[in-house]
Amino acid sequence: MQRRHDRIASKNRDQFAEQEKRSRINHSKRTVGRHEVQSWTRATKQSLCLMWQKVKIQLMLSMSFLVAVFWYCRRLYGFLAQLLKRWSNYLQRKLIKNHSVLAEVDLLGYSAREWKGETKQAKHMREAYNELFWNYHIKYLRQVKKDNYCVLRAVLFQILSQGIPFPSWMRERDILKLPEKLLYSQGCNWIQQYSFGPERYTGPNAFGKLRKCMETLKTNWIEISGTKDHEERGNMCNALFSDESKEHKLYEAIKFVMLYEVVEAYEQIKNREEPIPHLFSLLLARDTSSDPLSFMMNHLNSIGDSGCLDQVEIFLLGYLLEVKIRVYRLHRFNTEDFQVNYPDEYRREWNEVSLLTEDDRYYHIPVIRT
């Protein structure tokens, strides 16, 4: 009985010991598992932190890149906008502002815009414009750029747009050789002091520049006057008088032809040859133009720069271009000088061009409609 009891007690002890052992093993396993979970969690956190650091750096680089791109695009946009504005202004100057002779406008509408108010001068000018509209059949006006080439521009534009041919004396002589003739044949070395309007160029190359001006005048005049279609001729004139460089060459050529004619007349007076037109006597009677050199230095050189043509020089202009220049002087309205012709001695076969002025300085082109 005692043995049986001992065996049972021993068996119970063994079972208890086995349970203790299993309990320790399970505890150990749970502890190891917990450490593994903690280790895995720690490793995961570290990996996530490293990954976030890399992502953070990439995000910062990307944001910096986007900011730089935005700044660059903004600067580029500003630059392109400025460039576009400058290009637009350039085109506007070339295509619009450099149209030195504008399209026709209604005469009375122009008068009403330019001479508003009830001052004595405004009323006087409006009356003069009304007189032109109702009694002279001038219905429209072409405005001419207001600079010191104004008279030359207004006259030459009409000559070319009307298809008026090259003057007879210019056809008989080769005008391209006029600078050479003046320099070598007549010994006028002082033409090296000739000034080209606003360019104010003087020097040894004046002779070459004058020849180019003469070529431009002759080529364009012959080409345009030889065009029979009125619309095509008008387009050619508009193109020519929108090119400032070519336009100025035309005026400098005309100025030089004026000088050449004065030299010729002066030589005839000195040599007491055949009588000369009265306009040359008037021109050379001035203290400031008593000889060709003083005429060039005191008058021609300033034309296009700081001065324009005087009335006696408009006489000369009409004479050498073989046109009658009829001028309506609005500031002389109600006087005998309201309408004058330059020159007053002209031939019947000469063509006629018309000018309109408010002050004897700037001129526009009146357009007659019957």
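Where is the place of R286? R286 sits in the loop between α10 and α11 (292-298), where helices (H or I, at least four residues) and strands (E, at least two) are DSSP runs numbered from the N terminus. This is a predicted model, in which local features need pLDDT of at least 70 and side-chain atom pairs count only at pLDDT 80 or more, while totals for chains, interfaces and linings use all residues. Residues are numbered from 1 along each chain as its sequence is written, and side-chain values use heavy atoms, with hydrogens and water left out.

With a relative accessible area of 18%, R286 is buried, a class that means under 20% relative accessible area, whereas exposed means over 50% and partly exposed lies in between (1.4 Å probe, protein chains only). Not counting residues up to four places away in sequence, R286 touches F295, H299, D310, V312 and E313, a contact being heavy atoms within 4.5 Å. With E313, the side chain of R286 also forms a polar contact of 3.1 Å; such a contact is a pair of N or O atoms within 3.5 Å, of which, within protein, one must be able to donate a hydrogen and the other to accept it, and residues adjacent in sequence count only if both atoms are side-chain atoms.

E352, by comparison, lies in strand β5 and counts as partly exposed because its relative accessibility is 30%. Beyond four places in sequence, E352 touches Q162, K324 and R326, and a polar contact of 3.1 Å joins its side chain to that of K324. E352 and V155 are 197 residues apart in sequence, yet 9.8 Å apart in space, C-alpha to C-alpha.

Some backbone details deserve a look. E322, in the loop between α12 and β3 (323-329), has a positive phi of about 55° although it is not a glycine, and at 16% relative accessibility it counts as buried. N334, in the loop between β3 and β4, likewise has a positive phi, of about 70°, without being a glycine, but N334 is exposed, with a relative accessible area of 61%. A cis peptide bond with omega of about -10° joins Y342 and P343, and P343 is placed in the loop between β4 (339-342) and β5.

The largest pocket has a volume of about 650 Å³. On a 1 Å grid over the protein atoms alone, a pocket is an open set of points where a 1.4 Å probe fits, with protein on both sides within 12 Å along at least five of seven lines, and lining residues have an atom within 4 Å of a point. Its lining has 25 residues, of which E261, P277, F280, Y319 and R347 lie nearest the centre, and α5 (168-172), α9 (244-270), α10 (278-284) and α12 (311-321) each supply at least two residues of it. The second largest pocket has a volume of about 520 Å³, and of the 20 residues that line it, E104, R142, S161, H230 and V367 are the closest to its centre. The largest share of that lining, 6 residues, comes from α8.

Among the contacts with a separation of 6 or more, 73% are between residues 24 or more positions apart.

Terms used: Points joined across faces, edges and corners; volume = space filled by probe spheres on them.
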